[in-house]
Every structure is written in structure tokens, then in C-alpha cells.
Amino acid sequence: MGTPTIALPVLDALAKEHNVEAVFSRPDAVSHRGSEKMPSLVKARALELGIPCYTPTSFYSYVEKGTVRTPLFNSEGNRVVDAEVLADIRRSAPDFIVVIAYGMLLPKEVLDIPTYGCINIHASLLPRWRGAAPIQRALLAGDETTGVSIMRMQTELDTGPYCLQAVTPIADKNYQQLIVELGIMGAELLVPNLKAIAAGEVEWTEQDESAVTYADKIEKGSIDLDPSLTVTENYNRVRASSHHARSRATLHGKEAMILETRPAGTKEDKGVYFECSDGQLEILLLKPAGGRDMTGSAFLAGLR
């Protein structure tokens, strides 16, 4: 179960070493360049590999009247799980369900299906950065390291014990670089150890609740460049950008997405600089509204 880029190395590694009976991914989404719906990267890869792929909109049942969807509850006040989705999973009779960046919480009825449990590859060093955006939050916080954790899933978000972790320095890496690196790290950490997990030969460590931090979703507009912040804080905002939420700024009266920056040394007239609370941030690559990607010097030349 997975959806974006970070999940691809895991699917490839599992398919090479094991029988992947089914793939679950988020439903097709509207393309950023038009109204055509596009499959997730994981769904596209599953189809290439000839693996059945399911894309439920929810694990739960609803009553639909027109455009209104009302969730169903049982007599005990719990949400009713979609019987068809459960049947699709049970049909595979999985030993494991492996989850990485799927994008939906799994109900207990799903967690209870696989023989050896549901295993999540989480892109942080738990208990730091539980939640939806662990890579971006690590970048925004200026963390020196990040990594992946192999965790046994529970009904609560990212609360389960972990058995394996791998660490990597963040240095000057950005979000796009880290999702590729951490996906590969997750595959290399999990796949060779699946048999040991099934045999009970790994030690599970409960998370230290006193050390928990939460990685809330990055909302659009929340990582725009801000002159009241330091150079480092604005630099980290750009590095945390993704296609879901881009850093933006107004430069010489023009709105632009900011794609690449660096803390400025000596200011030069040929560059584009953003004034921060303690210095300047040099804009190396940007995309003006309605325009193409360009360097800071090309942007200035266009203004002249």
C-alpha cells in the first residue's frame, strides 16, 4: 500500500524477492497540467509489473444521496468498514501488508488480516515526526539527520513499536532528493528482514511518548518566503517545497515559485536576492507565474 515516489523502490524490491499479490494506492488524481486524471506512480508501476491494483476512495461505507456522503456507523458507534474492500484484501491472503506513504489510515479490520501484521516504513526516526509530512518537517526544523523506521502498525497514527531504523545526514538535501533516498533506504532495510520479522527474530522497541513530535501536513502558502524570518529559515522553506506546496515570493512586483536558493555571500548586482531578517537569500532558480523555470539572472534580464 503506497502512492508517491518514495514507495516505488519498496514495491520494486518486494516484487523482485517476494510474491506481491496486490497493490493498493490512492485513486487517480487530476493532472497538474489539465483536467485529465492520472494514476499514482505506484499504481502505474503495479500495472507495469502485472500486479492487480486497487484504488478505493475509503475503507469505510457511506450512504450516498446526490452529492452528499454520510458515513455509516454500527450499533456500537463505530464506523462500518466497506465489505468489498475487505474482501479484496482477504482474497490475497497476505502474510504481510507493507505500507509506505499510502495516505489513508487503516481500520483495525484491515490491520487484523495479514498473518504477520501490517508493517509501515515511516520516513523519520520515530518517535520524532509522526504524521503526514515527516520529511518536510525535518527540513523546516533544521534537523541534522533523518531516516526511516520499520514500524508495526496500530489503529492510532504512527504509534506502533519499531524494530529497525536507518539514519542519513540531511546536509543540503531537499525534499525531492530525500524522498528518493529514503525510499531506497526503506526497501533495503525492510525486504531482507521480512523473514526475520515473520519468525519473531527481531526486537520491537516501544516509542518514547515524551519524545514525540508531530509532522502536520504542509498547507499551501505556509512555506512562502517571509522577510521576518532568518536566511536559514527561508532556505529551509524552499528545500521543503513539493508539488503539493511550493515556496513563493513576490520579486520586483512579480509572483514566482522559488525552486532553488542558497544563503548569499557577498551580494552581486547580477543576482536576485530576497531580504531576510539577518541577511540575504540568493534566488538561483524560480518560475514566474505563467512562465517557465529560469535562473535569477534570466529573470532580471527579462525585467530590463
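I count a charge as sitting over a ring if NZ of Lys or CZ of Arg is within 6 Å of the ring centre and within 35 degrees of the ring normal. The charged end of Arg152 meets this over the ring of Trp204, 4.6 Å from its centre.

The model is predicted: local features need pLDDT of at least 70, side-chain atom pairs count only at pLDDT 80 or more, and totals for chains, interfaces and linings use all residues. Residues are numbered from 1 along each chain as its sequence is written, and side-chain values use heavy atoms, without hydrogens and water.

Next I looked up helix 3, residues 83–92 (helices are DSSP runs of H or I, at least four residues; strands are E, at least two; both are numbered from the N terminus). Val85, Leu86, Asp88, Ile89 and Ser92 are buried there (under 20% relative accessible area; exposed is over 50%, partly exposed in between; 1.4 Å probe, protein chains only). Why do they share a side of helix 3? They cover an arc of only 155 degrees around the axis, taken from the directions from the helix axis to the C-beta atoms. The face turned away from the buried side carries exposed Ala83, Glu84 and Arg91.

At the N-terminal end I found Asp82 as the cap, a side-chain oxygen 2.8 Å from the backbone nitrogen of Glu84. Ala93 follows helix 3 with a positive phi, near 45 degrees.

Last, I checked Phe96 and Tyr116. Phe96 is buried at 17% relative accessible area, and Tyr116 is partly exposed at 39%.

Key:
A polar contact is a pair of N or O atoms within 3.5 Å; within protein, one must be able to donate a hydrogen and the other to accept it, and residues adjacent in sequence count only if both atoms are side-chain atoms.
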